[in-house]
Every structure is written in structure tokens, then in C-alpha cells.
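Subject: Structure handover and notes

Hello,

Please find the structure below. My notes on it follow, with the cut-offs given where each term comes up.

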Amino acid sequence: MEQFYGNITHILYRKPGELFTIAKFTGRPSKNEDAEAATDIIIKGSIEPDWDRRDYLEVAGEWVEHEKYGRQLKVESARLAMPPAGKGLARFLARRIAGLGPGKAKQLEDAFGDTLTKVLDDTPECLLQIKG
């Protein structure tokens, strides 16, 4: 099974009233932003309708060849993933942590930068240093 981390860049088709979606997706096979250049692929499968291009996703599936549209990743699983700092981390945190608004999430990202996820995991008491 192939796995990619990245963002939907354009919805090509969404079946009304259902999760089935075909979309352009820009991502990497690793969470490491330095590992490989991002690549554009077509994904198809069950994608939550409220996910958009600002959301960082982890998608996994198998490659299929469509006779008319070519190579596509048939998504078997998709979920919101914690993005790298500067790639929508504040938005992710604000949407996932009750009581944390976008302003405070951005303030935390600005204060801790690339180390924010490590701070959240290892030393959350450091968050108390931030006023507000």
C-alpha cells in the first residue's frame, strides 16, 4: 500500500451526498518535508467533504489505472494528519483542540516554530510561558 502526506489542491469531482471524491493531491511519501520533492497525483475514494486544500492529510491506497484518466491512487484510508510547522499546524491545532482558537494556535506556532509538536508531546508545561 502506498502512503502520501500532503494537501488536496483541487476537487475534480464529488458525488453529491456521499464521501466519494476525485481530487488533485500534492504530497510526499514521507512526512519529512526534506525527504523528497512533492509530487502531484490524482486520488479517488472516501474523502470527508469538510476537508479542503488547507488541511494536511495522510492518504493510503493502491495504484489503479483508469482507461480514460490514467494512473490514480485508490484511497483505502484518509485522515487528517499533523502538518509540519508552517504548513497549517496552527489551523490543525485550532480545529482539533477544544478551547484553542486560531489566534492562540498561531501564537503558539510563532513562539515555538518547528519545535511545537515536540513541546506538545514532551514538555507541554512550556506552553504556560505564552501569555493569554
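Buried means under 20% relative accessible area, exposed means over 50%, and partly exposed is in between, with a 1.4 Å probe and protein chains only. Helices (H or I, at least four residues) and strands (E, at least two) are DSSP runs, numbered from the N terminus.

This is a predicted model, in which local features need pLDDT of at least 70 and side-chain atom pairs count only at pLDDT 80 or more, while totals for chains, interfaces and linings use all residues. Residues are numbered from 1 along each chain as its sequence is written, and side-chain values use heavy atoms, with hydrogens and water left out.

Overall layout

The chain has three helices and five strands, and from the N terminus on the order is β-β-β-β-β-α-α-α. Along the principal axes, the C-alpha atoms fill a box of roughly 55 × 35 × 20 Å. Of the 132 residues in the chain, 33% are buried. The accessible area of the chain (Shrake-Rupley method, 1.4 Å probe; for residues, only the protein chains shown count as cover) is about 8,100 Å², and carbon and sulfur atoms supply 50% of it. Contact means heavy atoms within 4.5 Å. Among contacts between residues at least 6 apart in sequence, 45% join residues at least 24 apart.

Helix H1 covers residues 89-96, and its residues Leu89, Ala90, Phe92, Leu93 and Ala94 are buried. The buried residues of H1 pack against strand E5 (70-80), helix H2 (102-112) and helix H3 (116-122).

A nonpolar core is a set of buried Ala, Val, Leu, Ile, Met, Phe, Trp, Tyr and Cys residues joined through side-chain atoms within 4.5 Å. The largest one has 25 residues, of which Ile8, Phe25, Ile43, Leu57, Val59 and Leu93 touch the most other members. Two or more residues come from each of strand E1 (2-14), E2, strand E3 (39-46), strand E4 (56-66), E5, H1, H2 and H3. H1 gives the most to this core, with five residues. As for Ile8, leaving aside its neighbours within four places in sequence, it is in contact with Ala23, Lys24, Phe25, Ile43, Ile47, Arg53 and Leu57.

Salt bridges

A salt bridge is a side-chain nitrogen of Lys or Arg within 4 Å of a carboxyl oxygen of Asp or Glu. The whole structure has nine of them. Asp50, Asp52, Arg54, Asp55, Arg91 and Arg95 are linked in a network of salt bridges.

- Asp50 and Arg95 meet at 3.7 Å, N to O. Asp50 lies in the loop between E3 and E4 and Arg95 in helix H1, so the pair ties together parts that are 45 residues apart in sequence. Asp50 counts as partly exposed because its relative accessibility is 48%, and Arg95 is also partly exposed, at 29%.
- Arg91 and Asp52 have their closest N and O atoms 3.5 Å apart. This pair links distant parts of the chain, with Arg91 in helix H1 and Asp52 in the loop between E3 and E4, 39 residues apart. Arg91 counts as partly exposed, at 24% relative accessibility.
- Arg54 and Asp52 have their closest N and O atoms 2.7 Å apart. Arg54 is partly exposed at 48% relative accessibility, and Asp52 is partly exposed at 24%.

Aromatic pairs

Rings of Phe, Tyr and Trp (its six-membered ring) pair if their centres lie within 6.5 Å; planes under 30 degrees apart count as stacked, over 60 as edge-to-face and the rest as tilted. By this rule there are two aromatic pairs. One of them is Phe4 with Trp63, edge-to-face, at 6.0 Å centre to centre and 80° between the planes. The pair links distant parts of the chain: Phe4 is in strand E1 and Trp63 in strand E4, 59 residues apart. Phe4 counts as buried because its relative accessibility is 6%, whereas Trp63, at 25%, counts as partly exposed.

Surface patch

Patches are made of residues with over 30% relative accessible area and no salt bridge, like charges being joined within 9 Å and nonpolar side chains (Val, Leu, Ile, Met, Phe, Trp, Tyr) within 5 Å. Leu12, Tyr13 and Phe20 form a nonpolar patch on the surface, with about 270 Å² of accessible area together. Phe20 is found in strand E2 (residues 20-28) and counts as partly exposed, at 32% relative accessibility.

Regards
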